[in-house]
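Q: Could you take a close look at how the helices in this model are built and how they pack against one another? I would like one connected account that I can follow with the structure open.

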Amino acid sequence: MTDTTLSLQLFLILTILSLAPAILMTMTSFTRIIVVLGFLRNALGTQQLPPNQVLIGLALFLSVFIMAPTLQDVNSNALQPYLAKKISQEDALKRAEAPMRTFMFKQTREKDLALFVQLAKIQRPNTYKDVPTYVLVPAYIISELKTAFQIGFAIFLPFVVIDMIVASTLMSMGMLMLPPMLISLPFKILLFVMVDGWDLVVKSLVAGFH
């Protein structure tokens, strides 16, 4: 019996580890952050700078920073009691799920939640507790993508204005063969540095979750 229990626990741990990337991308702040950083790089027009590894690393550590209170809750109320053999495996999973659901509910729009409740063809829930997790997760992802695209639109606007000014200036000077991006890129980088762009973007991302 003990060997069977240990085998099941090992199987569960391996399953969780294999699903860790999916959990990271779908149930934390990682999705919004990496999409916004991707928009920022495209708006600047710096091609592959910063590199993908840098953007992913920044998104990962920002996600850990944002999710720290939730992860501490999971650790203190679920993981540590389970390791101390004070609660069962099922109780640990339920306790770990609760703070994650609370985090996702705070960031999920009611419209998106209602959409997936309708698509799942389940009875309309009276409280958040009645919403299944498999309904909450896709609703949360859709909400995060919408928020990320809204932030991305706001980031793009000033850089598009610079591109338009540079393009119109070159046309008026008759320099049609000179690529506007070649001239506008230094000005966009200069603008981003002068307004302390990284500070503004990171501050906005973190503040959006609090």
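A: Happy to walk you through it, starting with helix α6. At 1.5 Å a residue, the 40 residues of α6 (residues 133-172) should span 58 Å, and the end C-alpha atoms are 58 Å apart, so the two values agree. Please keep in mind that this is a predicted model. Along its course α6 bends by about 30° at leucine 157, with proline 158 following within four residues. After α6 comes glycine 174, with a positive phi near 75°.

Helix α3 covers residues 52-83 and helix α4 residues 89-107; their axes come within 8 Å and cross at roughly 165°. Angles over 145 degrees count as roughly antiparallel, so α3 is roughly antiparallel to α4. The crossing of this pair is right-handed. On the α3 side, the contact is made by Ile66, Met67, Thr70, Asp73, Val74, Asn77, Ala78, Pro81 and Tyr82. Facing them from α4 are Gln89, Ala92, Arg95, Ala96, Pro99, Met100 and Phe103. Sorted by class, this contact has eleven nonpolar, three polar and two charged residues. The spacing along each list has a simple background: an α-helix has 3.6 residues a turn, so residues three or four places apart point the same way.

Next, helix α8 (residues 197-208) meets helix α2 (residues 30-44), with axes that come within 11 Å and cross at roughly 155°. That angle makes α2 roughly antiparallel to α8. Here too the crossing is right-handed. Helix α2 brings Arg32, Ile33, Val36, Leu37 and Leu40 to the contact, while α8 brings Trp198, Val201, Leu205 and Gly208. Seven of these residues are nonpolar, one is polar and one is charged.

Helix α8 also packs against α3: their axes come within 11 Å and cross at roughly 40°. Because of that angle, α3 is oblique to α8. The handedness of the crossing is right-handed. Leu58, Leu62, Phe65 and Ile66 of α3 meet Trp198, Val202, Leu205 and Val206 of α8. This contact consists of eight nonpolar residues, with no polar and no charged ones.

How values were computed:
Residues numbered from 1 in each chain as written. Predicted model: local features only at pLDDT ≥ 70, side-chain atom pairs only at ≥ 80, totals over all residues. Heavy atoms only, no water. Helix = DSSP H or I, 4+ residues; strand = E, 2+ residues; numbered from the N terminus. Expected span 1.5 Å × (residues − 1). Bend = angle between axes of the 7 residues up to and from the residue. Axes fitted to C-alpha atoms, helices over the stretch in contact; angles between N-to-C directions. Parallel < 35°, antiparallel > 145°, perpendicular 65-115°, else oblique. Left-handed = near helix turned anticlockwise from the far one by under 90°. Contact = heavy atoms within 4.5 Å. Nonpolar A, V, L, I, M, F, W, Y, C, P; charged D, E, K, R; others polar.
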